[in-house]
Amino acid sequence: MRLVWKSLDKMRCLRKRSTIPFLGFLITFLLFLNLYIEDGYVLEEDKRQLRETSVHPPSSERYVHTFRDLTNFSGTINVTYRYLAGTPLNRKKYLTIGLSSVKRKRGNYLLETIKSIFDQSSYEELKEIVVVVHLADFDLAWCENLVQDITRKFAHHIIAGRLLVIHAPEEYYPSLDGLKRNYNDPEDRVRFRSKQNVDYAFLLNFCTNLSHFYMMLEDDVRCSRNFLTALKKVITSREGSYWVMLEFSKLGYIGKLYHSRDLPRLAHFLLMFYQEMPCDWLLIHFRGLLAQKDVIRFKPSLFQHMGYYSSYKGAENKLKDDDFEEDSIDIPDNPPASLYTNINVFENYDATKAYSSVDEYFWGKPPSTGDFFIIVFNKSTKISKIKIATGSDDRQNDILHHGALEVGEKLVGTKKGKQCSSYITLGEFKNGNIEVQDVDHKIAFDIECVRIVVTASQKEWLIIRSISLWTTQPPSQ
């Protein structure tokens with residue numbers, strides 16, 4: 001009898017020990033079964049919808065458009081747009097500026113934004129841009145009334161092909177009901193931001209083949225003077241380097257620049273995850289997925305948020321970009337170049353960071369007499385002005401205490417890379433800074449190198465905060 005009880009006790013212990021693993025297995029099995037059933041249902045439902053699509057008019061195609069077109073990331077999305085004003089030109093422009101606008105409960109800034117874009121551009125700059133406005137509200141009467149205002153105010157820009165106004169019909173939108181309430185947002189907020197993602201996706205899709213670059217703006221923005229010239233300088237300075245998104249404002253969707261070739265993928269991406277999170281968050285994920293790890297943002301900002309009331313419920317929105325400058329035409333050219341230094345670099349504060357318009361800098365350990373920092377241009381060029389600043393607000397003593405600025409010609413190859421064999425001194429650093437005007441009048445040759453030379457050893461580390469160069473003409477061929 002004791003043996004029987006011992007056997008029963010062992011069985012009870014075994015059951016206790018095996019209960020948790022068994023339940024885990026059971027739950028996992030049920031989850032897989034549930035997913036299998038749901039996937040089967042979804043596939044059957046998609047097949048049913050596709051069958052119905054061939055019979056019913058476009059009003060039954062709400063979700064099928066999105067599903068079908070997401071299977072091809074390289075192509076455009078199949079949307080038939082309404083042209084409310086203007087038509088695209090055959091010739092590709094340099095830059096497309098995209099705006100999406102909906103009816104606001106309080107205030108409307110779209111006309112002011114369009115006016116700012118055109119007013120802050122020179123006649124030559126206007127030849128290279130096209131502005132596309134997507135009126136993304138389902139209230140067609142509101143759209144028609146606004147189009148009348150736009151055509152009255154900007155008729156000559158519409159005739160010249162510089163301004164297009166479009167509308168994507170409601171039947172092309174995916175479902176905006178019963179959306180996932182991520183981040184515990186209220187339903188109306190989720191609907192608003194999800195629709196906004198689709199609004200931008202359809203706008204990007206339309207703009208794919210209009211220009212070489214695309215700038216995303218909001219409909220309540222003020223522009224700096226000659227912003228296109230500043231943009232072109234930055235793009236030229238990034239020649240040969242990889243980038244997905246350049247930022248010219250630190251706010252929301254304002255001032256985000258893309259290659260037009262990336263617009264189809266970005267449009268598909270916004271559609272695929274339209275109900276997951278706000279657009280500005282999705283843009284960050286898109287940039288990372290295309291292997292641009294870090295933010296590349298330029299100062300001064302070229303665009304400023306001017307709206308006082310948000311397009312969501314008319315809530316107050318007082319956000320301002322404190323890096324914005326109305327007159328930012330004096331942005332340096334910084335022609336494409338390679339940079340070399342024999343100064344011991346600290347961590348990842350490498351030489352290229354001193355030559356960028358981004359808010360970053362070169363940081364090296366204490367330099368010695370004869371140490372150098374060289375910029376070698378891809379093509380020789382004429383330079384009108386050179387301005388170099390060292391140190392920072394936080395480390396005001398990490399300046400170049402004793403140094404000279406030189407320019408060179410006759411490029412030769414060495415074991416340490418390309419360098420010039422002949423240099424002329426332009427001046428000495430004072431309090432860590434130097435600025436030389438009219439360089440092209442002082443130097444007869446086209447410059448191939450710019451060199452900073454340390455003329456006395458120092459105990460302090462060295463920060464080169466910015467190297468700014470202005471050219472008098474494009475680099476010679």
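The predicted model has an average pLDDT of 79, where pLDDT is the predictor's confidence in each residue, from 0 to 100. A score of at least 70 is reached by 77% of the residues. Residues 1-72 stay under 50. For this stretch the model has 32 contacts beyond four places in sequence, a contact being heavy atoms within 4.5 Å. Residues 309-315 also have a pLDDT below 50. That stretch has 22 contacts beyond near neighbours in sequence. Because the model is predicted, local features need pLDDT of at least 70 and side-chain atom pairs count only at pLDDT 80 or more, while totals for chains, interfaces and linings use all residues. Residues are numbered from 1 along each chain as its sequence is written, and side-chain values use heavy atoms, with hydrogens and water left out.

Helices (H or I, at least four residues) and strands (E, at least two) are DSSP runs, numbered from the N terminus. Two strands pair if DSSP finds at least two bridges between them. Phe213 has His259 of strand 8 as its bridge partner.

Strand 12 (residues 372-381) is mostly covered. Seven of its 10 residues are buried, that is, under 20% relative accessible area with a 1.4 Å probe and protein chains only. Strand 12 is joined to strand 10 (residues 337-341) by five bridges, in antiparallel fashion. Here Tyr340 stands opposite Ile374. Six bridges link strand 12 to strand 17 (residues 447-454), again antiparallel. In that pairing Thr381 faces Ile447.

A nonpolar core is a set of buried Ala, Val, Leu, Ile, Met, Phe, Trp, Tyr and Cys residues joined through side-chain atoms within 4.5 Å. The largest has 46 residues. Those with the most contacts inside it are Leu95, Ile117, Leu135, Phe248, Leu257 and Phe303. Helix 8 (residues 227-237) supplies the largest share of this core, six residues. Leaving aside neighbours within four places in sequence, Phe248 touches Met215, Leu231, Val234, Gly255, Leu257, Phe298, Ser301, Leu302 and Phe303. Another core, of 43 residues, lies apart from the largest one. Among its members are Tyr200, Met245, Leu282 and Leu290.

Methods: Buried < 20%, exposed > 50% of the residue type's maximum accessible area, 1.4 Å probe, protein only.
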